[in-house]
Amino acid sequence: MRLRTRELPVFPVAAGPVRPGVDPGVSAVDPRSFDVGPEGGPRLGLVTLGCDKNTVDSEHMMAALVAAGARVTSDVENADVVVVNTCGFIDAAKEQSIDTILNACALKDRGRVKAVAAVGCMVQRYRDDLEREIPEVDLFLGIAEMSRLVPELRARGHIRDGIVHNMERPLRILATETPHVSFLKISEGCDHRCAFCAIPHMRGLHRSAGLDSLVAEARGLGEQGVRELNIVSQDTTWYGRDLWRRDRSAPLLKDLLEALLDGTGVDWYRLLYMYPSGITPALVSLLAREPRLLPYLDMPLQHGSDRVLARMRRPERQRTVRERVRWLRDEIEDLTLRTSVIVGFPGETDEDVRIMLDFLEEIRFDRLGAFAYSIEEGTPAAGMPDQVPDEVKAERLETVMERQREISWESNQGWVGRRTEVLVDSLTHGEDGHDAVGRTGGQAPEVDGRTYLTGAASVRPGDIVEVEIVEADDYDLTGRLTA
């Protein structure tokens with residue numbers, strides 16, 4: 001593992017507008033500003049890197065720190081202690097995490113902060129290397145040890161004696177630009193062994209959270225004003241299967257969704273990271289009849305060529321995807337489908353790319369994230385022959401993006417003249433002729449396009465309003481508030 005940054009590899013690029021986070025699983029600095037906790041408490045600067053699952057982990061940490069008497073802030077330069085929640089998903093994410101840790105250590109060297117803690121994914125996998133190479137870090141905690149953050153900081157004198165909040169309880173502090181939107185992480189780890197992925201090395205095997213605790217967490221988020229909950233995990237369809245192996249009465253994903261609908265008042269639930277092979281007819285029927293379950297499904301494929309999918313050790317092939325898409329589109333009105341693909345996997349040929357493009361044209365996903373393959377040490381793909389040159393990856397990435405741009409434009413044109421609900425995210429105060437910006441049920445936060453609103457001077461963030469779509473481009477929509 002390299003601990004000092006050098007030239008970055010080809011970095012994932014979404015086939016869409018630039019958004020914070022880019023796409024599920026891609027590392028990005030959290031741009032949100034927050035300052036919460038009791039006045040006069042020690043100031044803990046928190047930096048979150050990585051995916052929305054890391055965001056959920058950080059929000060649990062914030063709750064624990066505030067309950068212990070600390071004030072948690074995004075202003076790290078004026079903090080007493082800096083905590084970096086790292087990401088180790090791809091090389092670029094690791095180098096970003098290292099840079100952030102080193103920047104925090106530089107503040108410590110200058111006497112600006114008293115201590116630096118690094119936690120999370122990258123620490124879980126590379127703790128020994130990090131401890132050896134960055135000894136100025138005061139505390140390293142992997143994913144399995146994050147509940148020790150408060151006791152460890154207290155033992156070092158950075159937090160005064162007081163109540164220690166149990167981080168496993170469903171308590172989170174939201175510190176977001178859009179507090180009406182949040183994420184519900186329903187499991188940890190992954191049982192799949194995809195050849196390109198290091199997540200099982202960092203987060204372990206799949207472990208489902210308890211149904212009752214998830215309902216309580218979602219209910220609490222709803223009481224805090226959350227109107228949209230995006231359900232996330234490494235494979236959302238896998239929920240409960242680890243418990244079911246030991247107890248055939250254990251709840252599965254359909255049971256969890258029904259419990260969330262019955263036990264909370266959250267308006268919108270969105271399903272992300274849904275492997276096609278785990279989608280069942282019963283689940284499709286539930287999505288079709290429950291309006292609070294948005295007609296939106298994120299189905300990560302990673303490729304469209306069966307030959308490449310086999311080399312990737314993915315659980316699906318074209319036949320399975322076709323079948324699941326047919327089930328979904330036959331039953332769910334106005335369904336939006338999203339997927340992600342990787343170009344440049346070892347051994348990928350021009351013919352494989354052509355097959356993938358033809359398959360994407362056939363299925364016509366409304367949304368797509370496209371990525372260039374990045375070597376992850378310790379994964380089977382890292383040692384495979386026929387690695388694809390970076391310049392070829394870049395060319396193939398651009399080809400996929402151009403093809404998807406056409407599909408996305410045509411999909412959006414189909415909404416012009418129609419009415420739909422929009423969740424208002426922010427006000428624009430008439431800039432560019434728009435009063436506000438929000439998202440339809442077919443636009444996931446951060447990774448998809450947006451809907452710009454006119455005639456909406458009276459709306460507020462968090463409102464759900466009916467609009468008529470009057471204009472559409474490749475990724476964004478424009479809507480006029482209806483009377």
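The expected span of a helix is 1.5 Å times one less than its number of residues. Helices (H or I, at least four residues) and strands (E, at least two) are DSSP runs, numbered from the N terminus.

**Ground rules**

I am working on a predicted model, where local features need pLDDT of at least 70, side-chain atom pairs count only at pLDDT 80 or more, and totals for chains, interfaces and linings use all residues. Residues are numbered from 1 along each chain as its sequence is written, and side-chain values use heavy atoms, with hydrogens and water left out.

**Entry: helix 1**

I checked the length of helix 1 (residues 52-67) first. Its 16 residues should span 22 Å at 1.5 Å a residue, and the end C-alpha atoms lie 23 Å apart, which agrees. Is this helix enclosed or open? I found 14 of its 16 residues buried, so helix 1 is largely enclosed by the rest of the structure. Buried means under 20% relative accessible area, exposed over 50%, partly exposed in between (1.4 Å probe, protein chains only). After helix 1 comes G69, with a positive phi near 100 degrees.

I then looked at what helix 1 lies across: strand 2, strand 3 (43-48), strand 4 (71-73), strand 5 and strand 6. Helix 1 runs at about 170 degrees to strand 3. Axes are lines fitted to C-alpha atoms, for helices over the stretch in contact, and angles run from 0 to 180 degrees between N-to-C directions. Contact means heavy atoms within 4.5 Å.

I traced six strands in an open sheet, in the order 2-4-3-5-6-7, with mixed pairing. Strand 2 (35-36) and strand 7 (139-141) stand at the edges with a single partner each, so one side of each has no neighbour in the sheet. Two strands pair if DSSP finds at least two bridges between them. Six bridges join strand 5 (residues 81-86) to strand 6 (residues 115-120) in the parallel sense. There I saw V83 opposite A117.

**Entry: two helix pairs**

I compared helix axes next. Helix 2 (residues 91-109) and helix 3 (residues 121-133) pack at about 85 degrees, with axes 11 Å apart. They are therefore roughly perpendicular. Angles under 35 degrees count as roughly parallel, over 145 as roughly antiparallel, 65 to 115 as roughly perpendicular and the rest as oblique.

Helix 11 (residues 318-331) and helix 12 (residues 350-363) pack at about 15 degrees, again with axes 11 Å apart. That makes them roughly parallel. Residues in this contact include V321 and V325 of helix 11 and F359 of helix 12.

**Entry: the barrel**

In what order do the five strands close into a barrel? I read 16-17-18-20-19, with mixed pairing. Neighbouring strands here are turned by 50 degrees against each other on average, direction ignored. Strand 16 (residues 419-427) is antiparallel to strand 19 (residues 464-472), over five bridges. V422 has V465 as its bridge partner in strand 19. Five bridges also join strand 16 to strand 17 (residues 436-440), again antiparallel. Strand 18 (residues 451-454) runs parallel to strand 20 (residues 477-481), with four bridges.

**Entry: G441**

I located G441 in the loop between strand 17 and strand 18. G441 is buried, at a relative accessible area of 12%. Beyond its neighbours within four places in sequence, G441 is in contact with W268, R270, L294, Y296 and E421. I also noted T336, which is 105 residues from G441 in sequence and 8.4 Å from G441 in space, C-alpha to C-alpha.
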